[in-house]
Structure formats: structure tokens, C-alpha cells
Amino acid sequence: MEPQIIKFYQTGSFAVGNRLLDDSQRSVQADMRRSNSLNSGHRACQGCGEALGARYAIDAAMQATKNQLIAVNATGCLEVFSTPYPETSWQLPWIHSLFGNAAAVATGVAAAMRVKGREEVRVIAQGGDGGTTDIGFGCLSGMFERNDDVLYICYDNEGYMNTGVQRSSATPPAARTSTTATLGADPGNVFGQGKFVPAIAMAHEIPYVATASVAYLRDLEAKVHRAMSLRGARYLHIFVPCPLGWGAASEDTIRLARLVVETGLFPLFEAEHGEVTGRYHIRNRVPVEEYLKLQKRYAHLFGKRPAVDTIGRIQAMADRNIRRYGLLGEEA
Amino acid sequence: MEKPFAITLDVGSSLANKTGSWRTHRPVYVDRLPPCNNQCPAGENVQAWLYLAEEGRYEEAWRKIMEENPFPAIMGRVCYHTCETACNRGALDEAVGINGVERFLGDQAIKYQWRVEAGAPTGKRVLVVGAGPAGLSCAYHLARRGHAVTVLEGSDKAGGMVRYSIPKYRMPREKLNAEIRRIVDMGVEIRLNSPVEDLCAAIAHHGCDATFVAVGAQRGRHLQLPSTARVPVLDAVQILRDLEREEAVPLRGRVIVYGGGNTAFDVARSAVRLGAIESLVVYRRTREKMPAHRSEIREALEEGVTLRCLSTITHVGDGVLTAERMELDAKGQPQSTGETETIVATTLVLALGQDADLGLLSGVPGVRVADGLVEVDRNLATGAVGIWAGGDIVPADRNATVAIGHGKKAARQIDAFLRGEVLRRPVKHELASADKMNTWYYSDAPRAIRPILEAVRRTSGFAEVVGDYDEGTALYEARRCMSCGNCFECDNCYGVCPDNAVIKLGPGKRFEFNYDYCKGCGVCISECPCGAIARIPEAI
Ligand SMILES: Cc1cc2nc3c(=O)[nH]c(=O)nc-3n(C[C@H](O)[C@H](O)[C@H](O)COP(=O)(O)OP(=O)(O)OC[C@H]3O[C@@H](n4cnc5c(N)ncnc54)[C@H](O)[C@@H]3O)c2cc1C
Ligand SMILES: Cc1ncc(C[n+]2csc(CCOP(=O)(O)OP(=O)(O)O)c2C)c(N)n1
Ligand code: SF4
Ligand SMILES: [Mg+2]
């Protein structure tokens, strides 16, 4: 993330817009003419973080490419809630093929554009965490390894939400899903499994890898802009709370997306060719409980006899992220 | 249309799907009452004028203040600014420097000679007795509403206790004069040297349709001390008055001031400036209990004033005073200990509070006086039809801001009375309390320091102690305001709605909900920094 020098304007760059700033310095989302790539009437749940994340990212990419954009979607909530036949919420060329092949289809679309001499037309592939970190992972790794000219965006809601909240390899430890019951000695998802795809993407040494969260709009938009300024394989992993799957209040979507970052559980950084080039420094560090207790998927950790050990292990994960990615900035 | 294989329907838009029907609660834009506004005794709309100042629209900001209070340059100096104590930003870092911005705007107005016009003449005439902050505020608000106003003032200058009590180092006279002159320029007639002894006679003589009495509390309370009378015992208010008149005041040698209020400190600080060897404030309770303002005590100490708390003066002797040490009992009340000590003194000044001289009201049928104060209803009406009273002579906190608020309130009532209307109380908006805010979105910004004259330079004269904000600082302070409870167009609701159900109407026009698509998730409510969206259950 580029260090931003912002004069003091009431909300600085924390809010979506800021009437005291020049239009050019405001976010894409503040613009009355934003493209609303994912339009109203979609069937996502109340407070859906994925719907929000998709509009944030695609609107920014539309702006960056002057609307010369095609999106390829994997199966998943984002695809299902936006395109019940014959309706669509998408206001750009959009194609869906299968659950696991979005990266491969996008590679094909990009190749077709190149053959047609339409290199100004840019391609984005997008899918959920299941479609990305599990079933689509082979296609994704191939796309990276070939350095195909695609930005792949993963909307990480930490589970297979569309089919009823099953565990994915992005589901965090201790979380309850419909396949990780809160029974037995270690209730919820197990510790020590799963994977963090941004790190794997970095290992491919592709031009650009970044993480983002729907609570940090300006950061998210800056990363989309950076990604669209580059060619080759790029990967953006966006944290998107799922009120239904997590048992959270719909109005807490952005609060959760903020707390996950401020606890250190989800690091925000960007990397070029395998090296970290920027990281977000935690502004207001909070203990992990603040984040966990807002979600029913962690309810078994609280109540009369709080699972202090388990919470401690989750806190240790946050602390390790903070160390590993240097999330505390200078004072640390 | 020719359709591809297996396709039977035209492409449709999801706009056909009105997801608003899912809603159980709806977000609604509201304007909540910011704590600063709620607190202001003069009823200023602080948030609103800070909002304008934030954009550098200083004249509009000043006019916003002027809707409620004709004295921004005075208030920006002597107001006790309880708004800042109430300010929600206090819980975040430090309260907004409201008072300093108000002063900046007030001074801008004087510098650029911004004016306010009187309203179209109504043909009604109102008599105001007393040209203190209460009387002048009332006159101003009546003039704005087109009434002719005559103010009768007993002394030779207008301004009341702000002129005759508050020393120049806190209230430069050119600012005071400028703000009073602006009211005179609106056509308000102030007759100086016109003390009213009999209100009925004055009303009859001036032939007015309504009257506002605001003669203040001018008489220093006295205390009979056993005395061999070798030390002169003086009255604080009288001394401050003489100081203003540039008459010689005997504040030399060892000056002992008895009392713990602002008046005591104004005298003690004046004594330092006049070259007293010692300026000692004696008070019977503890320092924490002193009614004087904290900043007043702090500045006095910086200037060399000394304090002796838990001490009462029991005897005035030959160049010395006898003081008894007090002790707090379990209830925190000071009790005698019998232990005495002597204090060397050249002069003793009594600053024990002021009483009102209400002789002018004695023959007025219906006006009741109890405990030295005029009885009024919540609208400041006395028991006599057509006569209102306010400021220091009615039961309320005694300060200039309250007096100004009274003047405005009485003016509104009088205006309604003269028009034959009954004023309806506006519904009070819900308070924009801290729990309704999402302060994450505000930039970290420590409060700007107000420049203060160095102590050594203060004591050599009556130069103003607290300095101005320059424009940049005033703008910065204004922008620290969080706009509690009132939309400031940060675009958050417009951005965070997952359903694009917020319509942005453009600069200055705020936003609208598109209830066709709003699913009622409440994200906009949670993420509104200033708490300007309410959650209302749908009738289902
Ligand atoms: C030493 C001192 C310091 C203070 N400092 C502050 C401060 O820093 N901040 C603050 O907010 N408040 C301060 N106050 C309080 C504040 O000055 C008063 O509360 C305020 O001035 C009251 O306003 P008023 O209009 O009711 O009365 P006054 O200001 O007392 O005005 C009454 C006017 O009526 C005139 N008058 C009296 N009798 C008659 C009559 N019979 N006929 C005609 N005219 C008459 C008087 O000459 C006077 O001009 C201070 C008070 C004192 C004594
Ligand atoms: C090959 C295949 N297996 C299973 C499915 C059923 N299926 C559809 S969406 C989905 C889960 C999607 O999860 P994720 O990719 O995380 O997206 P989310 O719905 O959580 O956004 C599954 C299992 C399918 N469509 N195709
Ligand atoms: S932040 Fe602004 S609106 Fe809120 S209480 Fe303080 S001055 Fe008033
Ligand atoms: Mg998922």
C-alpha cells in the first residue's frame, strides 16, 4: 500500500467520500456516476459482504479500464444471486461456466481478446473461497504459472455458503460450519489445516498479489487500480463477511471486516513478484474476542464457561500475523 | 428476436426484482441533536455553524451564530463553553475548540464589518431595561423581527457586567464596543444614564407594547466582620467598576480577596497587574469546590496569585486579618477548628457574590420577588401581563451566555405576544449521544493549542491573555467537529449499501433511500459516522 499523505479533512480517507476533498481524491464508490457493475435487485442476503466486495472491486476495475472489462465467474453465491435466468444484475459482459474452472475460462477469454487484437479489453476472473482455494485451485495455479493476463479475485467468506455453509480450506479454526459441528473435545473446525492462498500466489512470483477487506474501501480500490495497471497474472483476495453463514447481524458486515483486520487475524498487504511491498498498519488494535463474539459460529467459545484456551490459540494466530507481516508499524 | 440454442427468454435486468419487500426495518435519515447544541445556554446551533466553517464559509457560519446569539466575539472570549464539556469528541481525544472558532468568526465579522439588518417595521414598540447581555440580546432579536426597541440603561455605557466586571485582559473593549455598535446600527435606541426607578412610570412614559427587565445583579454582598477597621474593606464589584471607569483603585500592597468565584479571581488578577506585592485569595472550602473556572484559577496562579483554602476571615485588625482554619466534615462541609492565624493585609476585598436591586419593580402589580429574584414562568413571563424578565435577576445560572439565551427567549415570546400568536415549542430532536456514533471514521487529530500570553508579559498590563486562532487553526478545529447527528455528506451510506439502494442527490442535497431495493440490512446505519440514520420497524 502506498503511504498516503492526507491533509486533515475531518474523516481523512476513512470514509467513502468526503465533501471537503476534491472529486479526484474521492473513492470510486463516492462517485455519482460509478458503474454499479452489480446492480440492485440481486438476491444476496441482507448485508452480504460478497455483493458489496464485488461491486467495490468491479466498479474500480471498470473505472481503471474505462469500462473495457469482461468478468468470468465461478459457481457460488455471487453467480447464483446475481443471475437467476433470465435476469442479470451485471452491467458488463459476464460469463459463467463451472465451479472449478473460472481461471481457465478467463485465460481463454484473455487469449481470444489478444488474438482479436483487442488488448485494451481486460479480463477478471472471480469466485468464492471454495471455488478458489479448493476446487478451482489447479486451474488457478496454472493461470499463475503461465502468467496469463488475468486478475483473479477471490471473495473469501470462509466457507461454501451457497450450498449451506460447508467447510472450505479457507474456513478458520474453531468456526462452526454445517460440516464442522461444535461437538466433541475440539468443537468446530480443526486447527492447523487449511491454506492461505495469497501466500501460495506469492510463491508463484506473479506480478501482483494483494489482500483487501470490504471495510477498507480506499485501500481496496487502490489495489484494484494497481492490479489493472499491470499485465500478467494478478491475484486479489478480498475478505467478505457472510451474515447468514457466520450467524452475524446483517448490520455488522463492515464492522466484522474491520475487526478482523484490527485484531491481526487478516493481514492487509500487497506483494510484487513474490516480495511484500506494502502492508496496512493496525490503527486500533483489539483482542480477538471483539471479533469472535459477534458471530454465532464462535458462540461455543463463549457463554458460561468460555473456551479460554481456544481463544488464546486464535489470539496467537493474530499475534503471529502481526509479527510475520509487520502490522504494527513503527511503534512495534 | 432470433435466440441462440436452448435460450427461450430475453435477457432481463434484476431491477425487475424489488428486494425492498424483504425489509423488516427501514433506515430513515434523521437530524439528531448534537450534545453541544443541547448544552448551549444561548441555544446556538454549534454543529451547523462549524459545518459551514469547515468549508471556509466563514460569513455564513457567523450568520448562523447570529441567528441565536448577537455576540460571537464576546462569547468566543468569556463564555464558559459548557458545549466543550458536552462535546462527543471529548471521549475520542479532546473536545472541539468550539470557543476559539467562535471567537475567530466573531473577529472576522468585526474585521470585515459584516452587518445584520433589522426586520420590516411592525409598528410595535418594546421597552428593555438594562443594557447588559440579556437586555441587548433581547433588543437585537426584537429588532430582527421588526419591532422598535428602546433600551434604558442606568450607567454611562452599555454592556452590563461584561463591561463593568470582566477585566480587559479577558474582554478587550474594542470587541465589546463593536458588537454593541452593530446592534445600535440596526436601529435599537440605547438611552444611557437613564436609571429606571419606577417601572410603571417608565412604561407609561415611553408608551410601549411590552417590556423586558434585565437589570442584573450589581450589588456586592456585604459581610459584617468584627473590626478595628485599620484595613480598608472593599467590594469586588465596585473595584472592577472603578477599574473600568479608570478611577484610582486601592489594590496595592498586600491584597486579600475573600471568596472563590470568578469575581474573586478577576480582582486578584487585576491586583497583580496593578503592582500589588501580594494577591491572595482566601476561600472557606477546598480548591476543588471553588466555583471559579479551572482555567481562571490556573491562569491566576501562573500570574502569581496565591490561594489559601479552608480558611475563613474572622476579624479585621491593625494591618492584619485573623483567619480561622476550617476542616471538612464527613459531608464535605467546612467546619470551624478554633485554630487561627494572622494574615498581613493592606486591603481586604469581599467577593462574596452579588444581589439584584429590584426597587424598580416594587410598585408593579403582579410581579413577585422571592429571595431577591424575580419569579418567572418557563417562558420568562412575570406575573404582570406584557412584562418579561431575564438574566441575573431570575433564578438560573448566572453567566453571560444564560443571559443572552434569556434575551432571545423573551424576544421570541414578546414577538408572539405582539402578533397575538402563541409560540409552540419545537419538538426536541433525539440526542446524538456517543453510542449513536461510529467514530472509527474520524481522523486522529489532537486539539489545537490556543496561544497564551506568557505570564511575565501578562502581569505588566491589561493585554488580552488568550490569543487568537489563525485561520488555518480555526479551520482545522472546525474540521475536528464530528457533526454529531447531522449528515455531513461523507458518502458512507452511499458506498456501503450492498444493494445500491442509496441515491446520492449531489453536493449539499444529501441522500435518499430507494426503498424499492433496500433490504433493510442496516449496514448504512452502523457505518454512518455521525449517527444520522435511524432504524424504524416496518408495519408488517
Ligand atoms: C466579575 C465578574 C466576572 C464575570 N465573568 C463572566 C464570564 O467570564 N463569563 C460569563 O459568562 N459570565 C461572567 N460573569 C457573569 C455575567 O457578567 C452576568 O451573568 C451577566 O452579565 C448578566 O447579564 P444581565 O444582562 O442579566 O445583567 P448585567 O450584565 O448585570 O446588566 C444589567 C444592566 O442593567 C443596568 N441597570 C441596572 N439597574 C438598572 C436600572 N434600575 N435602570 C436601568 N438600568 C439598570 C446595569 O447598569 C447593567 O448595564 C461575570 C460576572 C462578574 C461579576
Ligand atoms: C463441481 C461442482 N461441485 C459442487 C457444486 C455445488 N456448489 C455450487 S456453489 C458451491 C459452493 C460455493 O462456495 P464458494 O466458492 O466458497 O462460494 P460462496 O458461495 O461461498 O460465495 C458448491 C459446492 C457445483 N456447482 N459444482
Ligand atoms: S464533535 Fe462537533 S457536533 Fe459533536 S459535540 Fe463536538 S462540536 Fe458538537
Ligand atoms: Mg465461500
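Predicted model: local features only at pLDDT ≥ 70, side-chain atom pairs only at ≥ 80, totals over all residues.
1. A salt bridge here means a side-chain nitrogen of Lys or Arg within 4 Å of a carboxyl oxygen of Asp or Glu.

2. The rule picks out four salt bridges across the interface of chain B and chain A. It also finds 36 residue pairs in polar contact there, both partners at pLDDT 80 or more.

3. Which parts of chain B face chain A? Strand S1 (12-13), helix H2 (46-54), helix H16 (471-480), helix H17 (492-496) and helix H18 (523-527) of chain B each bring at least two residues to that side. H17(B) gives the most, with four residues. Sorted by class, the residues on this side of chain B come out as 23 nonpolar, 15 polar and 12 charged.

4. Now for the extent of the interface. Chain B puts 50 residues into the contact, and chain A puts in 50 residues. An interface's size is often quoted as the accessible area lost when the parts come together. For chain B and chain A that buried area is about 4400 Å², and carbon and sulfur atoms account for 50% of it.

5. On to ligand 1, which has 36 residues around it. The closest are B:Val78, B:Glu153, B:Arg170, B:Gln218 and B:Asp392. By class, the shell splits into 17 nonpolar, 14 polar and five charged residues.

6. H14(B) contributes the most, with three residues.

7. A few individual atom pairs are worth a look. B:Val78 has a backbone N or O atom 2.7 Å from a nitrogen atom of ligand 1. In B:Tyr80 a polar side-chain atom lies 3.3 Å from an oxygen atom of the ligand. B:Pro133 also faces an oxygen atom of ligand 1, with a backbone N or O atom at 3.3 Å.

8. How much of ligand 1 does the protein bury? Taken alone, the ligand exposes 990 Å², and the protein buries 94% of that.

Methods:
Residues numbered from 1 in each chain as written. Chains lettered and ligands numbered in written order. Heavy atoms only, no water. Near = heavy atom within 4 Å. Polar contact = N/O pair within 3.5 Å; in protein donor to acceptor, adjacent residues only side chain to side chain. Areas by Shrake-Rupley, 256 points an atom, 1.4 Å probe, with all protein chains shown as cover. Nonpolar A, V, L, I, M, F, W, Y, C, P; charged D, E, K, R; others polar. Contact = heavy atoms within 4.5 Å. Buried area = accessible area lost by both parts, 1.4 Å probe.
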